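Here is a short briefing to read alongside the model. Please have the sequence and the coordinates open as you go through the points.

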Amino acid sequence: MDLEKGAARVSEELAGSLRQLRDRTGRSLRELAREINVSSSSLSRYFSGQAVAPWPAVVALCRVAGRDPRPLREMWERAKDAPRTGGAATPVPAVRNDLPHDITAFTGRRDELAELLAAAREATVVAIDGMGGVGKSALAVHAAHLLTADFPGGQLYLDLHGFTPGREPVEPAEALRVLLAALGLPPGRIPEGVAERAALWRSELATRRAIVVLDNAADADHVRDLLPGAGRSFAVITSRRRMVHLDGARPLSLDVLPPQEAARLFVASAGGTRPGDVDEVLRRCGNLPLAIRVAAARLRHRPAWTLDTLVERLREGELAVSDVFGMSLRQLDAAQRRMFGLLGLVPGDDIDAHGAAALAGIPLANARALLEDLVDVHLLQEPAAGRYRMHDLLRQAARAEAAAAEPAPAIARLGDYYLSGMLAVKQLVEVLIPLPVTVEQQPPALPDLSAYDMAVDWMNTEWANLTAVFSLAVALRIDAVAVGLGQLALLSEARRGGVARLIRGLEVSMPAAERLGDRRMLASHTYLLGAALMRVGRMTEAMPQLEAARALMAAEGDLDGEALSLMKLGEVRMYTGDAEGGIALMYESVELPLARGSAVRLRTQLAIGTALVQLGKYHEAHEIAAERIETARALDRQTERMCLDVLGWAALGRGDAEAALDFAEQSARINGTTGHAVFEAVSLTDVAVALRHLGRVEEATARHTEALQILERVGEPHWTARSRLAYARSCLATGDPDAAAQHSRAALEIATADDIDYLVPEARSALARVSRPVPGHPHHGRPGE
């Protein structure tokens, strides 16, 4: 055990150094991977400490970061030669560093910085308060960067938008969701309630030494649930209000800068001294750091100006920060000023150049140039390469610029950009559900989404912004965008285990689907809602939605949609005990005049194969899948996976556990490659069942456990219960009634707690079978469930 701990420390030490190099480059994971010719997944493992990077990769990363690799050689040798434990190791969670870039020319605040750094060794929470623009965020972020080495468990940052013009503060429940996701928890494992999320957050932090910056809090209640509990983590809060009611928080109040520090900040930000009265400039800026930086930026980009020239520009208004911003706005040309105003409408935290181009309806190159112009004059921030965000004090000015124009057209253009990107993703993730999404205005440009990994990475990066645009589109009644994004959320939520959120999104956008008057759009919306309800086990609610979808699709002549609706209705019947009625609907689906060789026809035929397995007709099921496996391989990976599943289940039913194992392992590899967590868990359950029937009990137990961990992590109680029942069946068939009882009982508890009513009788029946097993009968029902 000591060797294991020592190896982990060495590996984490190297990983921490590599992460610091990564941060110095300012590049995204994908950009770094391309530049040093290493896959993104490999780089992720090196940065998280899950694997030791080859020395050439370390050298290449140092080259990009502009650092000498030789000081890392000894550390790398120790990590490379550290002993490895046998068997499957517990994955080391990736350590996040979400801090914005440290502010350039950080000046002054020596006493406050020393107090904050000292508090990190003695306290759990520090609350920095002060007026807007006084430098609270700059101090918190600067200190967090200096403390990075002391908090190797992660450096997290979250803007709570307590005083952001034009948007509501981030609710504690949403803040906890974002923070838990930053710790590596998948969406499905994050509970719904604030109390439950807060407890999980404290539990996760208790095992780490992390620093958390909670920026721009509205008040003490805003952050109370976000604070660490036991453990060695450290939270820094910034707010315009004093946190007098926040127990245990050490207060740190900021005033405007003293004259000498303000002068040093101005000179450093302006790039040197100029003739003139600097005291008057500082007086006009109120000695506020943000205002000083903005004024200095104007001077820096005007070589002919003296300080007196700057004072003349400032003297036109009152002594307020808005005067400095107003002066900067007056220096912008019409295109820059329009972009500045539009960026104030962005509902998410940041945006890239492609999104900004769509927002403004201008070419990508023009958008990039305008964004860089705004960064140069400190009216926009670039916290990470290619990502742009706006300071709260500037957002109010930006929204005032855009006030004369109706925001809906700009948000509609931005929504069409996300719709177009998600449609490109859909082409690569093999979703056959008919989604007649309407893009009313094609965006000026899309990023390169031609490869599967690139498309999924883009979707994951933009997900928070996409959902923010969806919510705003619902509120503004931009119906085509609301409906399209609500439906395309399937591509992310279902594959990662976020079906409950998918259901909520479909429900809130259903009125928009009805207003559009497009019956095909309404049909697909209704079908998705029914399929999602079925996915979480709410069969009684799913059936009327699927029946309505089938009627709408039949009326519109959408044969593919009608076939899929019939197939799902058949599956609902099978689940709820009407096997004959279910398979009759599936045959009705196959008899529709679908295109020969279509993937929809093939998938409905494979659904019949699945139903035949449940009916114990293994030879017929095998024939259906065996005749179509080559066609399935030529179509797409998910259809091939479905075919392999039926072949494996039929093989096990016929007593050929070796063949069943081979098919299940092939299916698991496909699901692992495509990132479909739930399907991967089903395939691993099938692998475990086959292994157990082969007498390889220890291997089977490991695979069953892995499958259950995936399902519990992604938050799929319905499939967790079904996996438990499959585990119980294999235990019973191989002579372990005690284990069978344990898993049957767990399945019953899940089904009861989550109102999966149809599954309760099956779980009770499984418990009853423990006392009277059927000799020689390998399993009951579909093995993968």
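Helix α13 (residues 289–300) contributes five residues to the lining of the second largest pocket, the most of any element. Helices (H or I, at least four residues) and strands (E, at least two) are DSSP runs, numbered from the N terminus. This is a predicted model, in which local features need pLDDT of at least 70 and side-chain atom pairs count only at pLDDT 80 or more, while totals for chains, interfaces and linings use all residues. Residues are numbered from 1 along each chain as its sequence is written, and side-chain values use heavy atoms, with hydrogens and water left out.

**Pocket and cavities**

- The second largest pocket has a volume of about 1200 Å³, and its lining is made up of 46 residues, with I103, L290, R293, Q381 and H391 the closest to its centre.
- On a 1 Å grid over the protein atoms alone, a pocket is an open set of points with protein on both sides within 12 Å along at least five of seven lines, a cavity is a set where a 1.4 Å probe fits but cannot get out, and lining residues have an atom within 4 Å of a point.
- Grid points are joined across faces, edges and corners, and a volume is the space filled by probe spheres set on the points.
- Five cavities of 30 Å³ or more are present in the structure, and the largest cavity holds about 1100 Å³ of space.
- Lining the largest cavity are 46 residues, of which R535, K568, R603, R641 and F679 lie nearest its centre.
- Among the elements that give two or more residues to that lining are α25 (519–535), α27 (559–575), α29 (599–614), α32 (637–653) and α34 (677–693).

**The sheet and its helix**

- Five strands make an open, parallel sheet in the order β2-β3-β4-β1-β5, where two strands pair if DSSP finds at least two bridges between them.
- At the edges are β2 (155–159) and β5 (249–253), each pairing on one side only.
- From one strand to the next, the twist averages 15°.
- Strand β3 (residues 211–217) runs parallel to β4 (residues 234–239) and is joined to it by five bridges; L214 stands opposite I237 in β4.
- Helix α6 (residues 110–122) lies across β1 (125–129), β4 and β5, at about 175° to β5; axes are lines fitted to C-alpha atoms, for helices over the stretch in contact, and angles run from 0 to 180 degrees between N-to-C directions.

**Positive phi values**

- R109 is in the loop between α5 (73–81) and α6, and its phi is near 60°, a positive value in a residue other than glycine.
- R109 counts as buried at 4% relative accessibility, where buried means under 20% relative accessible area, exposed over 50%, and partly exposed in between (1.4 Å probe, protein chains only).
- D755, also not a glycine, has a positive phi near 55° and is found in the loop between α37 (737–753) and α38 (759–770).
- D755 is exposed, with a relative accessible area of 54%.

**V278 and the cysteines**

- V278 lies in helix α12 (residues 278–284) and is partly exposed, at 23% relative accessible area.
- Beyond its neighbours within four places in sequence, V278 is in contact (heavy atoms within 4.5 Å) with F266 and L307.
- The structure has zero disulfides, a disulfide being a pair of cysteine sulfur atoms within 2.5 Å.
- C285 is buried at 2% relative accessible area, and C643 counts as buried at 0%.
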